[in-house]
Amino acid sequence: MTGPGGTRVLSLDSLVRIRRGRQTPDAPRRLPVPDGMTAPMGCDAVAVPARFGPLVLPRLPRVGCVYADDAHWWWLVPSDSDYALEWPAPAHYAAGAVLPDSPADTGAAAGLPGLIHRPDGTLPYTPPIPLYLALCRLTGTTPVWSRPVTA
């Protein structure tokens, strides 16, 4: 967005995102929602080892924002996508899209995975149920609703 005289004008959303993105020594590292996108349902993330990433992608009907580093691929999902689900190992569910601490982290942006897929539109989410089912299939895990009930 540009203002009079060609100067760049930041929207209130951009300013809030910049403020939230500032790192302090004790602030958790979070996967960011890209500029121009909104997360009206909040944002969590599901991580899998990097070797699974390319196997998961073709199994999904829609892919939201995906971040990757050498060790993991991270999918943004709506908040509370772990409700009544046990994500199969070795998947890791990260409430608030907070990344785990890493001893290699140095500096404010160090250790943040890079954005490798951005969907069209303004929503960053990968639908959690297809992602869950794809991970169950790849790991040989029975979905929680298909397991026998024990008394």
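**Entry 1: ground rules**

I count a contact when heavy atoms lie within 4.5 Å. With that rule I noted that Ile-129 touches Leu-85 and Trp-145, leaving out residues up to four places away in sequence.

The model is predicted, so I kept to pLDDT of at least 70 for local features and to pLDDT 80 or more for side-chain atom pairs, while totals for chains, interfaces and linings use all residues. Residues are numbered from 1 along each chain as its sequence is written, and side-chain values use heavy atoms, with hydrogens and water left out.

**Entry 2: the whole chain**

I took helices (H or I, at least four residues) and strands (E, at least two) as DSSP runs, numbered from the N terminus. The chain has three helices and five strands, and along the sequence they follow the pattern α-β-α-β-β-β-β-α.

I then looked at cover, calling a residue buried under 20% relative accessible area, exposed over 50% and partly exposed in between (1.4 Å probe, protein chains only). Of the 151 residues in the chain, 35% are buried. The accessible surface comes to about 9200 Å², and 57% of that belongs to carbon and sulfur atoms. I used the Shrake-Rupley method with a 1.4 Å probe for the areas; for residues, only the protein chains shown count as cover.

Among contacts with a separation of 6 or more, 73% are between residues 24 or more positions apart.

**Entry 3: the strands**

I let two strands pair if DSSP finds at least two bridges between them. S1 (44-49) pairs with S3 in the antiparallel sense over six bridges. I picked out two positions in that pairing: Ala-47 has Trp-74 as its bridge partner, and Ala-45 stands opposite Leu-76.

S1 also runs antiparallel to S4 (residues 92-94), joined by three bridges. There I found Val-46 opposite Tyr-93.

S3 (72-77) has S2 (residues 66-68) as a further antiparallel partner, through three bridges. Val-66 stands opposite Trp-75, and a hairpin of three residues joins S2 to S3.

How many residues of S1 are buried? Six of its six are. For S3 the count is five of six. A reminder to myself: side chains in a regular strand alternate between the two faces of the sheet.

**Entry 4: the loop between S3 and S4**

I went through the backbone angles here. Asp-80 lies in this loop and has a positive phi of about 65 degrees, although it is not a glycine. Ala-84 is in the loop between S3 and S4 too, with a positive phi near 60 degrees.

Are these two residues buried or exposed? Asp-80 counts as exposed because its relative accessibility is 59%; Ala-84 is exposed as well, with a relative accessible area of 60%.

Pro-90 also sits in the loop between S3 and S4. A cis peptide bond joins Ala-89 and Pro-90, with omega about 15 degrees. I flagged these places because most residues other than glycine have a negative phi, and most peptide bonds are trans.

**Entry 5: helix H3**

H3 (residues 128-139) has twelve residues and reaches 16 Å from its first C-alpha to its last, close to the 16 Å expected at 1.5 Å a residue. I took the expected span as 1.5 Å times one less than the number of residues.

Which residues of H3 are buried? I listed Pro-128, Leu-131, Tyr-132, Ala-134, Leu-135 and Cys-136. The buried residues of H3 pack against S1, helix H2 (53-56) and S3. Gly-140 follows H3, and its phi is positive, near 70 degrees.

**Entry 6: back to Ile-129**

Ile-129 is found in H3 and counts as partly exposed because its relative accessibility is 41%.

What makes the nonpolar surface patch of about 290 Å²? I found Ile-129, Leu-133 and Trp-145. Patch residues have over 30% relative accessible area and no salt bridge; like charges are joined within 9 Å, and nonpolar side chains (Val, Leu, Ile, Met, Phe, Trp, Tyr) within 5 Å. A salt bridge here is a side-chain nitrogen of Lys or Arg within 4 Å of a carboxyl oxygen of Asp or Glu.

Trp-145 lies in the segment after H3, and counts as partly exposed because its relative accessibility is 47%.
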